[in-house]
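Q: I would like to learn how to read the features of a protein model. Please take me through them in turn.

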Amino acid sequence: MAAGRFVVIVRFLVCLLLACRCCYGLQVCIVGSGMGGASAAFFLRNYSAAPLDIDIFEQNDKVGGRMAVVELAGDTFEAGASILHPKNLHAVNFVNLLGLKPRSDPDDEGFGIWNGSKFVFKTANAGDSFISKITTQILNTLAVMWRYGTSLWSMQNYVSDLLEKFLLLYQEGRPGFETVEELLKSVDLYESTQYPVQELLVKYGLSNLIIDELVTFIMRINYGQNVSISGMAGGVSLCGSGGDLWAVEGGNWQIPEGLIRYTNASLHLKSRVVSVTLEDSGYIVELESGGTKACDTVILATSLDESKIEINPKVKLPQRSMQHTYTTFIRGLLNAEYFGMSSDTIPDLIGTVEDPAIPFSSINVLKEYSVSDKAYKAFSRAPLSDELLDKFFSTRSSTIRIDWAAYPHYTPPEKFAPYILDGHHLYYVNAFENAASSIETSAVSAQNVVRILLSRLLHGNLEQPKLSSVAGLIKDGTVEDL
């Protein structure tokens, strides 16, 4: 009798321990401390009803991933992901939560579209006075409307339709979707990843003129590519060219840095992960230093396309190449003669049409110290040599070059890696990047990954979010003004 009761008790205790992994704290390992990794840590803390131990591994000596700053001759500028949209609701929520200070740049800078020999279209730079700024803004608006006509409204309709669908992703109570395709189809965005943005914009009534000039100008700046990218990536790019864009004072990298502190995750800097191996008891994460970490589940929040992380057993991913953006910061003065203009009439932002002979995608003024001394940022698809820079600039006192594996090279129809890489508990935040790549989409993807992870590993043991600021911005499927 006594022996029978003992066996029953032992069996009960074993079943309890196996069924309730939350009793001892689930070990979650996150690879990457950019927006994807930091957001994953945040949503884990806010959604899990069970205790969690979260470790974040970052190969660099700073958090942020592709969110970074650079110091040029004593001033700090955004070097990576640099802009946020007013309807980026996760970013808005995080900034409010962390007490960060948003800043916005003036919308009155002039721009010009360069075809390699001349400006095919150009607006004027505003003066310093209020009257000058208002007058210039009105004249520039009229000039843009005169050149592109009703195609401007058609372009805005395209962006508005895409944004309306994207905002549905913020609704609380949504399930976790195990594939990117299912996630996108749930808000009617999947089809936009299967066709070039040029094809979709033509269906919306845009003229060839605006597509070849203004739309291409925007694509080359924001994604380093042309109008052959997918409709969704192209729509996100167009969103990033509108008004009311903002950033965080002091650098956007403070968002992931603050989220990691908020979640009390264990952060391991200068800890490059070289392999993730599935074993009977979970996963072993191996570091370049030789150290290892045992994990119940692993979230990869870094691109696997150019990393040397070995996954055992091997997993199969769709072939994808990354689009490298070469970012060059220059302190000096642009050579106005190269552009056939005087220094006081050259636009603050110079973008380009699609022509392989043009060696840069864009050059823009970051800060003006005097009429002969400014800070610039240039984007290009290949490194800009000193010889090239000396053609573009009459003087240069400082130059900094950065090579970013910035985003996928979009080639619709897009194919997506699975969120669950091995059928067990290895998750991939960056699977979403084939739809679009931005600060906000990283957070959206991380949220979905956490929903999948907790529903599978803790059998639906999810709490309602402890913070309601994002949900509070949405009522009856409609986004309230920020």
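**Reading the model**

A: Buried residues make up 50% of the 482 residues in the protein; buried means under 20% relative accessible area, exposed over 50% and partly exposed in between, with a 1.4 Å probe and protein chains only. This is a predicted model, in which local features need pLDDT of at least 70 and side-chain atom pairs count only at pLDDT 80 or more, while totals for chains, interfaces and linings use all residues. Residues are numbered from 1 along each chain as its sequence is written, and side-chain values use heavy atoms, with hydrogens and water left out.

Q: How many helices and strands are there in the protein?
A: Helices (H or I, at least four residues) and strands (E, at least two) are DSSP runs, numbered from the N terminus. The protein has 12 helices and 22 strands.

Q: What share of the contacts comes from residues 24 or more positions apart?
A: Contact means heavy atoms within 4.5 Å. Among contacts with a separation of 6 or more, 74% are between residues 24 or more positions apart.

Q: At what angle do helix H2 and helix H3 pack?
A: Axes are lines fitted to C-alpha atoms, for helices over the stretch in contact, and angles run from 0 to 180 degrees between N-to-C directions. Here H2 (residues 35–47) and H3 (residues 89–98) pack at about 70°, and their axes are 13 Å apart. H2 is therefore roughly perpendicular to H3, a term for angles of 65 to 115 degrees.

Q: Which residues make the contact of H2 with H3?
A: H2 contributes Met35, Ser39, Phe42 and Phe43, and H3 contributes His90, Asn93, Phe94 and Leu97. By class, five of these residues are nonpolar, three are polar and none is charged. Ala, Val, Leu, Ile, Met, Phe, Trp, Tyr, Cys and Pro count as nonpolar, Asp, Glu, Lys and Arg as charged, and the others, Gly among them, as polar.

Q: Which cysteines form a disulfide?
A: A disulfide is a pair of cysteine sulfur atoms within 2.5 Å. The structure holds one, formed by Cys29 and Cys295 with their sulfur atoms 2.0 Å apart. The link of Cys29 and Cys295 is left-handed, with -80° about the S-S bond. Cys29 lies in strand E1 (residues 26–31) and Cys295 in strand E12 (residues 292–295), so the pair ties together parts that are 266 residues apart in sequence. Cys29 is buried at 0% relative accessibility, and Cys295 is buried at 3%.

Q: Is Leu300 buried or exposed?
A: Leu300, in strand E13 (residues 297–300), is buried, with a relative accessible area of 0%. Leaving aside residues up to four places away in sequence, Leu300 touches Val31, Val276, Ile311, Leu421, Leu426, Tyr427, Tyr428, Val429 and Asn430.

Q: Where are cis peptide bonds found?
A: One joins Asn312 and Pro313, with omega about -10°. Another joins Pro412 and Pro413, with omega about 0°; Pro413 is in the loop between strand E19 (393–408) and strand E20 (426–428).

Conventions
Angles under 35 degrees count as roughly parallel, over 145 as roughly antiparallel, 65 to 115 as roughly perpendicular and the rest as oblique.
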